[in-house]
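Me: I would like to go through this model by question and answer. Please give the cut-offs as the terms come up.

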Amino acid sequence: MNQRPHQKRRKADPARRLAYTALLAVETHGAYANLALADQLRATGMSGRDAAFATELVDGTSRGSGTWDRIIEAASERNPAKLQPGVRVVLRMAAHQILAMRVPTRAAVATSVDLARQVIGERVTGLVNAVSRRISTHSLEEWASEIGGREGVDVMALRTLHPTWIVKAFQDRLGADEVEAALLADNEPPIPTLVVRPGLAERDEIESGTPTRYSPWGVVRPGNPSDVAAVREGRAGIQDEGSQLVILALLHAAEANGSFGQWLDLCAGPGGKSALLAGLANQHNTNLTAVELHEHRADLVAKALKTIPGNHRVMTADGTCPPLPAWSFDAVLADVPCSGLGSLRRRPEARWRRTPADVEELTHLQRRLLTSAVNLSRPGGIVGYVTCSPHRAETIDIVEYARASLPVDVFDAPAMLPGIPGIAASGNSNAIQLWPHRHGTDAMFCALFRIHDE
């Protein structure tokens, strides 16, 4: 019996099928792209070039999803939100391959049609074929100019795969000349960075690793961190260099201030900074108390501290009003919940999930947590306010709130990290603002406060 014509057509290749499955979980179930991808790689056992291709498809499609949707709408004259989720995902994948990867246009269109046929059905192949071909008629730069029109910020947002409001927020902190470099740095996935736990491991035992530029504890190492014995044994962890540097700044401030009594991590989950702090506390003959609101995250903190010598404790409690006596701690870290705009290169879908309303809501919590940290500090003690965001509302405005409303003086934080260029925050040179394009780190912010003496 002769096969029907469509039965002879190619099936979607495994890498694209895997990427589609992960991206559909992101789109329909709110999954994190990196976790959905890891689940699929683990389930299929895919490795090598296929796994690398699938990873680029998942990360790049997620990273550019908002831009791809605007291009899809222009190319199809349809609102992507009204397309069924599977079609939307296939067209985004096509857009990423055509506009941002070195996939030949003919191959990108043909494989997108094959994928749509296999995972959705024959009825959508005409639409996918037509829209994919229309997308290929312009470059990303040309689409950005056509859709963005005369609004330069909107064109930059489309070209760099960011929402316009984030572009404006970054430009507010960096200026027009530097903002595009920061946005493009968000699109470069970082190489994994490890941190050795003080007193438990040394950097030179991390094979195939390169010491970080600024942190005395960091090692940059490609590949799976779980392949490293020190990581498996809890003597090292996974931590961006920016997170290590804000702890180094707090440590130097505590040393300069003689703050060697009890230390507190007020928002401790998932425990990376707590583990580093606890190791340092042990070296200074003191202990760390770690507070975390959510029980499952408190369990992660306890696991991270398990190998650290010392009498450290983990408490499940609300950091805005923990059951701890006032004026009890000499050094407090308030690494507050934030928008995460400083770590967009690690979470490709995050830029399209956050809104300005989220930032406004978070700032109220950030003020309450900083107030709690100050109230828990002894007179003369040090508080480190840390956030993984460069947004003015979560950084400089919080410092101004503290200066106006709390019994604190602002410590010269950049002086605690001498030799690192360009870390003084725009708008308050006494605070630290790190940037991916300047320092190769997440965009961490750190302000240090000294509590007024009685």
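Me: Which side chain meets Asp-39 in a salt bridge?

Reply: The model is predicted, so local features need pLDDT of at least 70 and side-chain atom pairs count only at pLDDT 80 or more, while totals for chains, interfaces and linings use all residues. Residues are numbered from 1 along each chain as its sequence is written, and side-chain values use heavy atoms, with hydrogens and water left out. A salt bridge here is a side-chain nitrogen of Lys or Arg within 4 Å of a carboxyl oxygen of Asp or Glu. At 2.5 Å, N to O, the partner of Asp-39 is Arg-42.

Me: In which helix do Asp-39 and Arg-42 both lie?

Reply: Helices (H or I, at least four residues) and strands (E, at least two) are DSSP runs numbered from the N terminus. Asp-39 and Arg-42 are three residues apart, about one turn of the helix, and the helix is H2 (residues 33-44).

Me: How many salt bridges does a search of the whole structure find?

Reply: The pair Asp-39 and Arg-42 is a salt bridge. For the whole structure the search gives 24.

Me: What area do domain 2 and domain 3 bury between them?

Reply: The domain bounds come from an automatic or database domain assignment, which gives domain 1 (12-146), domain 2 (194-237) and domain 3 (239-449). Buried area is the accessible area (1.4 Å probe) that two parts lose on being put together, summed over both. Of the area between domain 2 and domain 3, 64% is on carbon and sulfur atoms, and the total is about 1400 Å².

Me: Which three residues supply 43% of the area that domain 2 buries against domain 3?

Reply: Their share is more than that of any other three residues of domain 2. They are Pro-198, Tyr-214 and Trp-217.

Me: How many residue pairs are in polar contact between domain 2 and domain 3?

Reply: Between these domains the count of salt bridges is zero. A polar contact is a pair of N or O atoms within 3.5 Å; within protein, one must be able to donate a hydrogen and the other to accept it, and residues adjacent in sequence count only if both atoms are side-chain atoms. With both residues at pLDDT 80 or more, the number of pairs is eight.

Me: Which strands stand at the edges of the open sheet of four strands?

Reply: Two strands pair if DSSP finds at least two bridges between them. The order is S2-S3-S1-S4, with antiparallel pairing. Each edge strand has a single partner strand, so one side of each is left without a neighbour in the sheet; the edges are S2 (210-211) and S4 (236-238).

Me: Which residue in S3 is the bridge partner of Thr-210?

Reply: S2 and S3 (residues 218-220) pair in the antiparallel sense over two bridges. The partner of Thr-210 is Val-220.

Me: Which residue takes a positive phi in the hairpin of S11 and S12?

Reply: S11 (residues 424-425) and S12 (residues 428-433) run antiparallel, joined by two bridges, and Ala-425 stands opposite Asn-428. The hairpin has two residues between the strands, and the one with phi near 100° is Gly-427.

Me: Which residue has a positive phi although it is not a glycine?

Reply: Most residues other than glycine have a negative phi. The exception here has a phi of about 65° and lies in the loop between H9 (152-160) and H10 (164-174). The residue is Leu-161.

Me: What is omega for the cis peptide bond that joins Gly-269 and Pro-270?

Reply: Most peptide bonds are trans. Pro-270 is in the loop between S5 (263-265) and H14 (272-283). For the cis bond from Gly-269 to Pro-270, omega is about 0°.
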